[in-house]
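This report describes one protein chain.

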Amino acid sequence: MNGIATTFTSADKLDLYWLDNKFAVNHKSGNGTDWDIPWDDLGGSFSTVPAAVAAPPALNSPDRLDVFGVGLDYAMYRNTFDGTAWESQWENLGGIFMSAPGVYERPDGVIDVFGVGLDYAMYHRFFIGKKTGEWERLGGNFSSTVSAASFTPLRLDVFARGADFTLRHRTLTNFVWSSDWQNLGGSLASPPVAVSWGPNRLDVFAVGMDSTLLHRWWDSQIWSDWESLGGILTGTPSVVSWEPGRLDVFALGTDAEIYHFWFDNNSWNGREAFGGHKFTSGPTAIVPAPNRINLVAPGVDNNIYTRVWNGTQWTPQNWDLIGTGHMRLPTRYRFAVEHFHITNTRALDADTDTAQASIGAGNWPVQTNIQQMGDVGGLSSPKEGQLNLLKFEPVTVELCEVAVFNYMILNNAHASQKNIDSALVKAGSSLTSDSVSSVSKSIGAGIGAIVGIEIVGGVIAPVIGSLLGSLVDFLFEALGNIAFADCDGLVAAEQVVETGRDLHLKTATAPISVTTTHPGTDSNTGCGGNSQYEVTWSITRL
């Protein structure tokens, strides 16, 4: 997600919108360099970042602003600034949505709003001033909202990431939609972002599943193939163009710093690193005038920072602080395996355990952590302990995405620790990837409730609960060439699969905290009885 929405009504009047620590929309105006005007609290309570548009200068209401968000009831809401004041109440536009709004304002003032519904299909509604149509279902199966661009007044091109993580495209021409969504391929981790620099030109960017910046373009006749511009990125990029043949792309790196790529004179340049500060989401760029770029981004300290390209250089050399201490991003979580308790060991005395956990969110690369627990559960060793290394934060799971979180604990006193660690990481990553793929196929097939996960080979895994019964054979095979001897074996394994919307609902008032009992499998003669481990895990909204 990009945590800040931006609009401008003139070269000297820019507007920012974000969520505060109570998830209400805040608004701030400035001229791009001076942001001393106090911010406005527009109220409401939202489950997604806001999206906003400003009336085109050609209209008779050049100061009009419209901001949209999905509420805690998952309906779409709208607030409007008429040039004098914001409306006192948010207008409820209805619907039930699983994505942030995608918003575009055409040159004639028509506002198009898009969102992913409960059935993962795309929905659309238009506004002409206070007049509006009803929500129309555009079909498809999606895991992101729309990014839209237009290179002619009577045509709108919309792009979204499918449930299978491919790029999907549809056009609205002379008020008529094309027959269906076009599949433009790719394997996208981030939602796509689109821009047009002039007639018959479209450029689309996204971060791929390999964390690189991907690019594809339309030249009036054909779509190019995907090209990778490199980088190791996370989050949704931001793209602007201030003249034909010029593109500027900004994205968050995995090191939490911002990087800049630009296209000029028919070639790509970058990655230019904007150091000096750490950020929690991708930046937002806006072009209020030719050869000028205003860049804003939320810092890890919950403040808002900015830099400006003035036509010759970036100023300041570092970052300017323009908002302090009250920004919050929705749909971000902490996943953690908290602690364990051993009632029975697998070995005759102590088990020698290593624990691993993995998290996969959407199509982003799987993250894994390892913790070596040593000898546990015996007469002279601890029977419980903290798994403080098995945590992941922050993890963003948008409402229409799926999170797969799993852990395994292996008793093995014979193989080398290096081989144990490697095998556990490989097995956890494979299980996570297979599960993400399975869920994506289910969503693409129109299956709403996720009741089981089909792993490679047709094995069905539960969406929560111990895997030692249903998946023990799969897990042992996934552990590869580890040497098992005597009393070695898995003593705990569990996987949790949640949609982003369910996570949002379940963590609304308190963290999810679950203790799972793992009755062990049969061990060899001369070992202990069947092991029994209790493992506590949690998911907390940040």
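Helices (H or I, at least four residues) and strands (E, at least two) are DSSP runs, numbered from the N terminus. By that rule N266 lies in the loop between β25 (258–264) and β26.

## Basis

This is a predicted model, in which local features need pLDDT of at least 70 and side-chain atom pairs count only at pLDDT 80 or more, while totals for chains, interfaces and linings use all residues. Residues are numbered from 1 along each chain as its sequence is written, and side-chain values use heavy atoms, with hydrogens and water left out.

## Overall fold

The chain has three helices and 41 strands. Along the principal axes, the C-alpha trace spans about 85 × 50 × 50 Å.

Of the 542 residues, 58% are buried. Buried means under 20% relative accessible area, exposed over 50%, and partly exposed in between (1.4 Å probe, protein chains only). Contact means heavy atoms within 4.5 Å. Among contacts between residues at least 6 apart in sequence, 54% join residues at least 24 apart.

## Nonpolar cores

A nonpolar core is a set of buried Ala, Val, Leu, Ile, Met, Phe, Trp, Tyr and Cys residues joined through side-chain atoms within 4.5 Å. The largest one has 37 residues, of which F114, M122, V146 and V158 touch the most other members. At least two residues each come from β6 (65–70), β10 (111–116), β11 (122–128), β15 (155–161), β36 (402–411) and α1 (417–444). The most, four residues, come from β10. In soluble globular proteins, nonpolar side chains tend to be buried together.

Setting aside neighbours within four places in sequence, V158 is in contact with F114, V146, S147, A148, R168, H169, R170, W177 and W181. A second, separate core has 29 residues, including A361, V395, A403 and V496.

## Two loop residues

Is S531 buried or exposed? At 2% relative accessibility, S531 counts as buried. S531 sits in the loop between β40 (512–519) and β41 (532–541). Leaving aside neighbours within four places in sequence, its contacts are N344, T345, R346, V491, H518, P519 and G520.

F484 is in the loop between α2 (472–478) and β39 (489–499). With 34% relative accessibility, F484 counts as partly exposed. Not counting residues up to four places away in sequence, F484 touches L410, N412, F476, L479 and G489. From F484 to F405 the separation is 79 residues in sequence and 26 Å in space, C-alpha to C-alpha.

## Backbone features

Two cis peptide bonds can be inspected in the model. One runs from G270 to R271, with omega near 10 degrees; R271 lies in strand β26 (residues 267–274). Another joins E393 and P394, with omega about -10 degrees, and P394 belongs to strand β35 (residues 391–396).

F175 has a positive phi of about 70 degrees although it is not a glycine. This residue is in the loop between β16 (167–173) and β17 (176–177), and F175 counts as exposed at 61% relative accessibility. N266, also not a glycine, has a positive phi of about 65 degrees. At 71% relative accessibility, N266 counts as exposed.
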